[in-house]
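Please look through the structure shown here before reading on.

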Amino acid sequence: YRRGNIIVDFFTTKASEATQGKMDRFGALMVGLAMALLAWRSAVGGLSAWQTQASSMMVGFPEWVVYAFIVPALSLAALIGIGQALFGFAADGANA
């Protein structure tokens, strides 16, 4: 959430700060949308695993439990990415 990831700015070093901010927000939107897609499909997969009572082959552990932990994390990542795309990155002042 605090933009602690690695940022490769080799191609954007000469771009204006406003352009860099717009590109950062576009990147955040793309990540947010990708996480939303993964959350949606994981939820569908989890519901399917629950309805069919699918379990792991070796120990018989129910598969839906794994999806129950994955979906909230992906949803939170999607919300953060979309929120950063809409409202900017207030933590470091890059609200272009």
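## The loop and its surroundings

Valine 59 is exposed, with a relative accessible area of 71%, where exposed means over 50%, buried under 20% and partly exposed in between, with a 1.4 Å probe and protein chains only. Valine 59 lies in the loop between helix H1 (17–52) and helix H2 (64–87), helices being DSSP runs (H or I) of at least four residues and strands (E) of at least two, numbered from the N terminus. This is a predicted model, in which local features need pLDDT of at least 70 and side-chain atom pairs count only at pLDDT 80 or more, while totals for chains, interfaces and linings use all residues. Residues are numbered from 1 along each chain as its sequence is written, and side-chain values use heavy atoms, with hydrogens and water left out.

Serine 55 is found in the loop between H1 and H2 as well.

| Residue | Relative accessible area | Class |
|---|---|---|
| Valine 59 | 71% | exposed |
| Serine 55 | 37% | partly exposed |

Not counting residues up to four places away in sequence, serine 55 touches Gly60, Phe61, Pro62 and Glu63, a contact meaning heavy atoms within 4.5 Å. From C-alpha to C-alpha, serine 55 and valine 65 are 9.6 Å apart in space, and they are 10 residues apart in sequence.

## The chain as a whole

The protein chain has two helices and zero strands, and buried residues make up 18% of its 96 residues. Among contacts between residues at least 6 apart in sequence, 67% join residues at least 24 apart.
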